[in-house]
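Subject: Structure handover

Hi,

Here is the structure for you to look at. My notes follow below it.

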Amino acid sequence: MMKVLLPFFLAAGMFCGLAIAQETLPQTIPPDLASPQLDPDEVYSDVIVIPFETLNPPAKQEVETIVNETAAGDLKKMQGIIGETRQAVITLASIGLDPSQVVAAGVTEDGVLTLVVQQMA
């Protein structure tokens, strides 16, 4: 399962250390960050939601490339795990979103879950 979700973890892991809040946009992509596997039963220290549309151009391109190279079934699996993660569901619902809008996810070593979302038109 980790192999299937690894592109999502790597993409989102790059933004975890930089995204303090939704209004804070990453300006650069740091080198590789360790990204533990998502666990629906995990209690995360924080959940950060980053709208895909607000990423700076290099970060947006990196996430877009990974998403385009990922099979639809793999994306659905990742969204299913997010949907089973209580903190993620509550955080997404609080801003009017749901797990189907998550295009990338990752967890930092200090337990911060970062979700990159894309609102569909």
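Buried means under 20% relative accessible area, exposed means over 50%, and partly exposed lies in between (1.4 Å probe, protein chains only). Helices (H or I, at least four residues) and strands (E, at least two) are DSSP runs, numbered from the N terminus. This is a predicted model: local features need pLDDT of at least 70, side-chain atom pairs count only at pLDDT 80 or more, and totals for chains, interfaces and linings use all residues. Residues are numbered from 1 along each chain as its sequence is written, and side-chain values use heavy atoms, with hydrogens and water left out.

Start with strand E1 (46–51). Five of its six residues are buried, so E1 is largely enclosed by the rest of the structure. E1 pairs with E3 in the parallel sense over six bridges (pairing takes at least two DSSP bridges). Ile-50 has Val-116 in E3 as its bridge partner.

Next, the cores. A nonpolar core is a set of buried Ala, Val, Leu, Ile, Met, Phe, Trp, Tyr and Cys residues joined through side-chain atoms within 4.5 Å. The largest has 16 residues; among those touching the most other members are Leu-38, Ile-82 and Leu-92. Elements giving it two or more residues include E1, helix H3 (72–83) and strand E2 (102–107). A second, separate core has ten residues, including Ile-50 and Val-63.

Last, Asp-39. It lies in the loop between helix H1 (2–16) and E1. Asp-39 counts as partly exposed because its relative accessibility is 30%. Beyond its neighbours within four places in sequence, Asp-39 is in contact (heavy atoms within 4.5 Å) with Tyr-44 and Thr-85.

Best wishes
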